[in-house]
Structures are given as structure tokens and as C-alpha cells.
Amino acid sequence: MRAVVHDRYGPPEVLRVAEVERPVPKEDEVLVRVHASTVTRGDAMGVRSVEYRFARLFTGIRRPRRTIFGSEFAGRVEEVGAAVTEFRVGDEVFGIEGGATSEYVAVRESGVIAQKPAGLTYEEAAAVPDGSLLALTCLRPASPLRGKSVLVYGAAGSIGTGAVQLLARHFQAEVSAVCDTKDVERVRSLGARDVLDRLREDFTKTGATYDVIFDAVGKHSFRRCRRSLKPFGIYISVDLGFMYHVPLVALTTRFLGSKRAKLGIGRYRKEDLLLIKELVDTGNYRPVIDRTYALDEIVEATRYVESGQKTGNVVLHVRTSPAP
Ligand SMILES: NC(=O)c1ccc[n+]([C@@H]2O[C@H](COP(=O)([O-])OP(=O)(O)OC[C@H]3O[C@@H](n4cnc5c(N)ncnc54)[C@H](OP(=O)(O)O)[C@@H]3O)[C@@H](O)[C@H]2O)c1
């Protein structure tokens, strides 16, 4: 089967499409024929792995342990292991699994996989899990959020667009958002009440205060946001920050002052994917897609993701070869 592989860390050019062996599903696994995948920021960071060298403790010190790229997938179940009860051959599914940017991926039945929302194409479904699950699990520790004022900084990214929708329709918060000029209307359409154009206005200078500031790109800081937080307000960043300072600030603010900083730790869980599927099915969550690339354009797609400029998600159309 064709898959995107990389056998060393480096720039997007280390990625290439190659023929690799098709996985054989174990007893508790399903084999998914992948129709669409994506390039997430996490995937791109995992390839270059410069800023996050410590991550190599988990991904392989000298070279990547897992050579097949990607994490999000949407496709059709092609085979099921003997012990699988939840899925049948022919089911349309979506989810997250390491090595998903390939024609086939084997996924544990208990893994992060669910029936694809019926109203979405494969391309749309592949763009849902990563941003939504990371936003959900980073925001959850600040709940209950119903009726609270929450500002999302970096609202046009994958996590940002997920956060705006979940805050407005799942957590039922009052959402303000900050993004750049080109994305203002799109972010408003996702449920934000106020949208500030970061290129024209600095939200820390408007005098408005919020219960929670969610830094969905990790480009702001607790120090600069502090005066924009209400008493007992919380700043959550998805990133460790310059010199990994966010965990340190989080620890300090646990004991000092009324305002707190937190590091959002994103998790992928099956039960949360089922919740997201329900939100999609009921019209309360929708994928945001910036560009779609062919599998062979993996280098261009990854370069674009690395630029940090994408709106929502970048999808890969995985061209499957005819079934044998
Ligand atoms: N905590 C976790 O578990 C976890 C897991 C995975 C990733 N992450 C982190 O999450 C971050 C965001 O991921 P993502 O997939 O949402 O990224 P993304 O989709 O690539 O974010 C792109 C968006 O970020 C905005 N942006 C870029 N630079 C900015 C700046 N200086 N100030 C404000 N906005 C800026 C861009 O908006 P403009 O068009 O306005 O520039 C763009 O819309 C990653 O960088 C990574 O550090 C955290």
C-alpha cells in the first residue's frame, strides 16, 4: 500500500510517499481503508521535532520510531478482527491513529474511532477529531463554563475553531475571539459574539475582562493577559511557552494571587470522539477546512501547516488503489 513515510527528523522534505506493507488487523482491531487524512500541527512538529526535542524521548531519540506519518483518518472498514463487536465491514468511520496517512490503517476497536457522521464527506470527517478533541480536553478543567465570558486567542487555527464552536454550543459560554482580518467573518459564523481583529486591535488594551482566556496557539502569555482576566480568572495556554515557562507560571499561580495560569493538556479519547460525533450529527459542530492536497503533495501541505497561517485544517485526499 502507499503511505507517507519519514525515516529521519527534519524539514517537510523528509516526507515521501512509499510502498509499505499493509497492516494485518489483530483480534481486537479493524482495518480501515483510508479515504482522507490531514496534516496537523502536531504531525508537522513531530517531523521537524526541533522546538520539541524532549518529545523524542517518546518518538525515538535519533530517528522516528514510527515511520508512517499522520494521525487523523476517515475511511471505510475493510476487515474486522475476530473479537470486534462494534464495527462491521463497510462501516464508514473516522478517528485518530498513529500512521494514518496511508491507504490502510489498523485501529483497536477501543481506540479513538467512531462511526463517521453521516452528513460529512470523508474529507470533512478527517478534519474533525484533532482540533475538537484537543480544544475539549484543554478547556474541560475550567468548567463549568456556562454563561462565563471566555476569550479565544488564535481562534482561526485548528484548536481555535474547535474551541469557539465547543464553547458556544457545548459549554454554553459567551465567546469572544481574536484572529486576523481574513478570518473574522468565518470565526463569527462559528458562534463567537465578538471577534477582534488582532492586526487592528489589542484585546489587552480594550479594558474588557474575561473569566477565561484560552490561548489556542500558545503565542500570548499570562503576564500580558493578566489585566484582562476577572478576579479568579484563568489563562489556559496550549503551549509550554518560551523557555517552557508556562508550567512554572501555572505552579506559581496555584499558590500566589487570585488569577491562575494553566497548561492545557490535550488528550484523545474515544468517549470524547463520540461526543463530538453527536455534536456534528445535531448540527452543533462543523469542520473548518482551509486547503485540500493530494497525497503526493505531502511536502507542500506540510510546509503550509508549518507556516502557522492555516485557517482550521489541511486535508489530504488519500487516493486508494483498487481493492485486490
Ligand atoms: N496542549 C496540547 O496538548 C497540544 C497538542 C497539539 C498541539 N498543541 C499546540 O497547539 C498549537 C496550535 O495548534 P493548531 O493545530 O490549532 O495550530 P494551527 O491550526 O496551525 O494554528 C494556526 C492559526 O494560528 C494563528 N496564529 C499564528 N501565529 C499567531 C500569533 N503570533 N498570534 C496569534 N495567532 C497566531 C494563525 O492565525 P493568523 O492567520 O491570525 O496568523 C492561524 O489561524 C500548536 O502550535 C501547538 O503548540 C498543543
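## A loop residue to start with

Which loop is G207 found in? G207 sits in the loop between β10 (194-197) and β11 (210-215), with strands here being DSSP E runs of at least two residues and helices H or I runs of at least four, numbered from the N terminus. At 64% relative accessibility, G207 counts as exposed; the cut-offs are under 20% relative accessible area for buried, over 50% for exposed and partly exposed in between, using a 1.4 Å probe and protein chains only. From E109, G207 is 98 residues away in sequence and 50 Å away in space, C-alpha to C-alpha.

A word on the model: it is predicted, so local features need pLDDT of at least 70 and side-chain atom pairs count only at pLDDT 80 or more, while totals for chains, interfaces and linings use all residues. Residues are numbered from 1 along each chain as its sequence is written, and side-chain values use heavy atoms, with hydrogens and water left out.

## Around the ligand

There are 24 residues around the ligand, and S158, R198, D239, G264 and K310 come nearest; to count as near, a residue needs a heavy atom within 4 Å. By class, that shell holds nine nonpolar, seven polar and eight charged residues. Here Ala, Val, Leu, Ile, Met, Phe, Trp, Tyr, Cys and Pro are nonpolar, Asp, Glu, Lys and Arg are charged, and the others, Gly among them, are polar.

Now for some N and O distances. The side chain of Y153 has an N or O atom 3.0 Å from a nitrogen of the ligand, and the side chain of K182 has one 3.0 Å from a ligand oxygen. The protein covers 87% of the 940 Å² of accessible area that the ligand has on its own, going by the Shrake-Rupley method with a 1.4 Å probe.

## Two cavities

A search of the whole structure turns up two cavities of 30 Å³ or more. A cavity is a set of points on a 1 Å grid over the protein atoms alone where a 1.4 Å probe fits but cannot get out, and lining residues have an atom within 4 Å of a point. Points are joined across faces, edges and corners, and the volume is the space filled by probe spheres set on them.

The largest cavity holds about 40 Å³. Its lining includes E72, D130, S158 and K310, and β3 (29-39) and β15 (313-317) each supply at least two residues.

Helix α4 (residues 129-139) is largely enclosed by the rest of the structure, because eleven of its eleven residues are buried. In the loop between α4 and β8 (149-153) lies P144, and the peptide bond from S143 to P144 is cis, with omega near 10°. Y285, in the loop between α9 (270-281) and β14 (289-294), is buried too, at 6% relative accessible area.

F232 has a phi near 70°, a positive value in a residue other than glycine. F232 lies in strand β12 (residues 229-237) and counts as exposed at 65% relative accessibility. Y244, also not a glycine, has a positive phi of about 55°; Y244 is in the loop between β12 and α8 and is partly exposed at 41%.

Notes. Polar contact = N/O pair within 3.5 Å; in protein donor to acceptor, adjacent residues only side chain to side chain. 1 Å grid on protein atoms, 1.4 Å probe; cavity = no way out; pocket = protein on both sides within 12 Å on 5 of 7 lines; lining within 4 Å.
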